[in-house]
Amino acid sequence: MQSMITLKEMISPRELKQFVKFPFSLYKNEPKWVPPIIADELDSMDPAKNPVFKNAKARYFLAFAKAENGKQTTVGRICAIINDIEIKEQGKPKMRFGWFDTIDDIEVTKALIAKVTEIGKENNLAFIEGPVGFSNMEKAGLLVEGYEYMNTMITWYNYPYYKDHFEQLGFVKAAEWVEFKIQIDPPEAQNPKIKKFADIIAKRYDLSSLEFKTSADVKPYVNEMFGLLNKTYDKLSTFVPIQQYQIDHYKEKYIKYIHPDFIKCVQDKDGKLVAFAITMPSFNEALKKANGSLFPFGFYHLLKAKRRNDTAAFYLIGIDPEYQNKGVTAVIFQKMQELFNNRGITQVETNPELEENKAIQQLWKNYEHVLHKRRRTYRKDF
């Protein structure tokens with residue numbers, strides 16, 4: 001592109017909406033891109049609605065270029081993020097960037113990255129890394145493998161050239177995540193040894209499963225679930241502990257949307273949570289039909305996907321490190337298997353797992369599974 005690229009910071013509600021809507025034009029002909037709900041995106045960027053901003057700051061930029069007819073066209077976007085917990089408590093001088101999208105023009109990427117780098121230097125930070133969200137509870141990673149598959153509602157989609165842009169600009173791999181597709185056999189095709197093993201482990205460690213009838217039944221356990229998440233992942237290099245105010249926020253915002261059947265917990269004889277898993281029916285197709293809006297028909301598509309679906313997605317899974325090598329995963333998986341069979345679910349997609357997180361990847365070993373996507377964050381020192 002010959003014309004000059006200019007950047008504009010998006011601040012007003014109208015401008016932020018413009019920022020959120022840019023990918024809708026960029027990916028309008030891409031069948032594998034699953035759009036977010038625009039109102040949800042805007043809420044997540046609103047400090048009055050998202051408590052992550054107690055410990056984070058974000059600025060949003062759109063890139064524009066003049067077309068031949070003299071009109072300005074939007075050619076890219078980026079969000080510059082500073083997470084104070086990461087910097088002050090963990091001592092990581094990291095400038096984050098996320099919500100990165102661009103046309104296939106390296107000059108646009110260069111201009112967007114230069115702006116985030118400038119903010120990082122102004123704040124005495126040492127390196128830039130992304131794409132990531134405001135904290136570890138948001139989307140992360142550039143898709144580098146698996147472009148032929150749809151993204152889930154908790155991951156980003158991007159074109160293959162994004163990776164080339166970063167590598168041409170001297171960025172290197174920081175972290176890598178893997179995602180799996182898992183085949184769920186019908187009851188008659190299952191290996192009876194797996195259920196037998198789950199029963200032996202439950203008996204050996206005096207473990208029992210929790211069943212929930214309503215969202216209200218789940219709420220008393222949410223703090224413990226997130227505590228378990230912190231314990232499960234705190235040894236991983238990229239992990240930023242989940243704060244209590246974030247837990248309260250997720251409890252209010254999301255638990256009501258998850259059918260209690262899809263939340264499975266295992267406790268020890270003292271009633272202490274040792275493992276949990278949260279899955280949901282896949283909303284990919286429904287979100288494509290909703291095309292960013294819940295009105296007038298978006299709700300209908302999502303409700304339909306919630307009720308009838310042969311595909312599910314893993315969202316969160318936590319296993320007490322004390323129990324990770326004791327076979328407890330078999331107990332939680334047996335409960336999930338029963339749920340999937342009861343609901344006619346034949347395949348499950350995992351959320352992204354760090355490639356070094358072998359403990360979690362061991363979970364799928366008894367199932368037919370395939371690694372179908374990889375995503376990566378890129379970093380560069382200032």
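This is a predicted model: local features need pLDDT of at least 70, side-chain atom pairs count only at pLDDT 80 or more; totals for chains, interfaces and linings use all residues.
Local features need pLDDT of at least 70 and side-chain atom pairs count only at pLDDT 80 or more, while totals for chains, interfaces and linings use all residues. Residues are numbered from 1 along each chain as its sequence is written, and side-chain values use heavy atoms, with hydrogens and water left out.

I start with the salt bridges. I call it a salt bridge when a side-chain nitrogen of Lys or Arg is within 4 Å of a carboxyl oxygen of Asp or Glu. By that rule the count is 30. One of them joins aspartate 84 to lysine 57, with the closest N and O atoms 3.4 Å apart. Aspartate 84 sits in helix H3 (residues 84-89) and lysine 57 in strand S2 (residues 56-66), so the pair links distant parts of the chain, 27 residues apart. Helices here are DSSP runs of H or I with at least four residues, strands are runs of E with at least two, and both are numbered from the N terminus.

How exposed are the two partners? Aspartate 84 is buried at 15% relative accessible area, whereas lysine 57 is partly exposed at 43%. Buried means under 20%, exposed over 50%, and partly exposed in between, with a 1.4 Å probe and protein chains only.

Another bridge pairs lysine 272 with aspartate 320, at 3.5 Å between the closest N and O atoms. Both lie in loops, lysine 272 between strands S9 (263-267) and S10 (273-281), aspartate 320 between strand S11 (311-319) and helix H11 (328-342), and they are 48 residues apart. Lysine 272 is partly exposed at 32%; aspartate 320 is buried at 1%.

Next, asparagine 151. This residue is in the loop between strand S6 (142-145) and helix H5 (161-168). With 3% relative accessibility, asparagine 151 counts as buried. Leaving out residues up to four places away in sequence, asparagine 151 touches residues including Trp33, Tyr157, Asn284 and Lys373, where contact means heavy atoms within 4.5 Å.

Last, the second largest pocket. A pocket is an open set of points on a 1 Å grid over the protein atoms alone, where a 1.4 Å probe fits, with protein on both sides within 12 Å along at least five of seven lines; lining residues have an atom within 4 Å of a point. Of the 21 lining residues, the closest to the centre are Met150, Ser282, Asn284, Glu285 and Thr311. Helix H9 gives the most to the lining, with 4 residues.
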